[in-house]
Amino acid sequence: MKQKGLGRGLDAIFGSDPIDARLKPMSQMAEIAIGDIIPNPTQPRTQFDEEALDELADSIRQLGVIQPVTVKKAADGKYVIISGERRWRAAQRADLETLPAYIREVDDENLHAMALVENIQRQDLNAIEIALGMQRLIDECHLTQDALSEKVGKKRSSVSNYLRLLKLPDEVQLALKEGLISMGHAKAIAGAPAEEQLRVLKRCVKKELSVRQAEELVRSLAEAPAKGATAAEDEEYPESYSRLVELLEPCFSQEIAIKRSKNGGGRIVIGFNDDKDIERFIERFTKRS
């Protein structure tokens, strides 16, 4: 049966050689002092949920560490974590003195690759952390995108999509990292003109646009015949315009735009998706009256 998940990713790193030739020794087991274990300096994961760590620490106090961490012995006698930093952090909180660990021999390049693959397969990383990890492998190990895709078990197109995220404005990267938008939203934003990307981000978050709606918004910007034909930018209008939009939004929960002409007149445009939206608008007004 074909391997799935992490095994497939590690095969991409080490190739198809016999396992004992790739990891020497493969699974030497030991109880290692917590103080002798250090996090991987190239660990791609940068955020750990504090509440989840406390819950895991409580579990460890009750049941102990069920799954050993995996480490590499460093030249100074310390042990660098390959996988299991979350367990190590929780074990510290649980005041454990030692931690069960598998000790493996692996070079620095594959140490970083293993940490990245392990987190990707467990879905422990956000998209920006994955992108940064991939970029670090490229920079430090002098890999091409093709070589990187083989090493981490990802398609070449997926690698390119992740690396494109690092070219987005910091605000977009932060929104993605904090879960305000998805990678699909970020990919859509990346297709917008550079000067429009922050405005698209703001609209995606404020209006809670779906990925498809974000893509349509970006497409409309690309199809606009002239800069003046793009959607009106609220910051160019008086503050009262923005205030009016804020008052209308709870009633409609849809795209609302104010179009102002050069002579001072204009119109208020309220978007809707289907006839059911109209019924919902009527219901909301009825309740308010």
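**The strands and their surroundings**

Reply: Strand 2 and strand 4 run parallel, with two bridges joining them. That is enough to count, since two strands pair if DSSP finds at least two bridges between them. The numbering goes from the N terminus over DSSP runs, with helices being H or I of at least four residues and strands being E of at least two. Within this pair, Ile-37 has Tyr-79 of strand 4 as its bridge partner.

Before going on, keep in mind that this is a predicted model: local features need pLDDT of at least 70 and side-chain atom pairs count only at pLDDT 80 or more, while totals for chains, interfaces and linings use all residues. Residues are numbered from 1 along each chain as its sequence is written, and side-chain values use heavy atoms, with hydrogens and water left out.

Five strands make up an open sheet in the order 1-5-3-4-2, and the pairing is mixed. Strand 1 pairs with strand 5 (residues 98-103) over six bridges, in the antiparallel sense. There, Ile-32 is bridged to Leu-99 of strand 5. Strand 5 also runs parallel to strand 3, and three bridges join the two; Thr-70 sits opposite Tyr-102 of strand 5 in this stretch. As background, strands of a sheet pair through backbone hydrogen bonds, either parallel or antiparallel.

Lys-78 pairs with Asp-36, and their closest N and O atoms are 3.6 Å apart. Lys-78 belongs to the loop between strand 3 (69-73) and strand 4 (79-83), while Asp-36 belongs to the loop between strand 1 (28-33) and strand 2 (37-38), so the pair links distant parts of the chain, 42 residues apart. The rule used here asks for a side-chain nitrogen of Lys or Arg within 4 Å of a carboxyl oxygen of Asp or Glu, and it gives a count of eight salt bridges. Lys-78 is partly exposed at a relative accessible area of 29%, and Asp-36 is partly exposed too, at 31%. (Buried is under 20% relative accessible area, exposed is over 50%, and partly exposed is in between, using a 1.4 Å probe and protein chains only.)

A few other charged side chains are worth a look. Arg-61 and Asp-58 meet in a salt bridge at 2.5 Å, N to O. They are three residues apart in helix 3 (residues 50-63), which separates them by about one helical turn. Arg-61 is partly exposed at 45% relative accessible area, as is Asp-58 at 41%. Arg-199 and Glu-196 also form a salt bridge, at 2.8 Å from N to O, but here both residues are buried. Then there's a network of salt bridges that links Glu-50, Asp-54 and Arg-93. Arg-89 does something else: it lies over the face of Phe-48, 4.3 Å from the ring centre. (For that, NZ of Lys or CZ of Arg has to be within 6 Å of the ring centre and within 35 degrees of the ring normal.)

Back to strands: strand 6 (residues 256-260) and strand 7 (residues 266-270) run antiparallel, joined by five bridges. Arg-260 has Gly-266 of strand 7 as its bridge partner. Five residues lie between the strands of this hairpin, where Gly-264 takes a positive phi near 100°.

After helix 9 comes Gly-179, with a positive phi near 80°.

For the overall setting, the chain comes to 14 helices and seven strands, and 40% of its 289 residues count as buried. Taking contacts (heavy atoms within 4.5 Å) between residues at least 6 apart in sequence, 65% join residues at least 24 apart.
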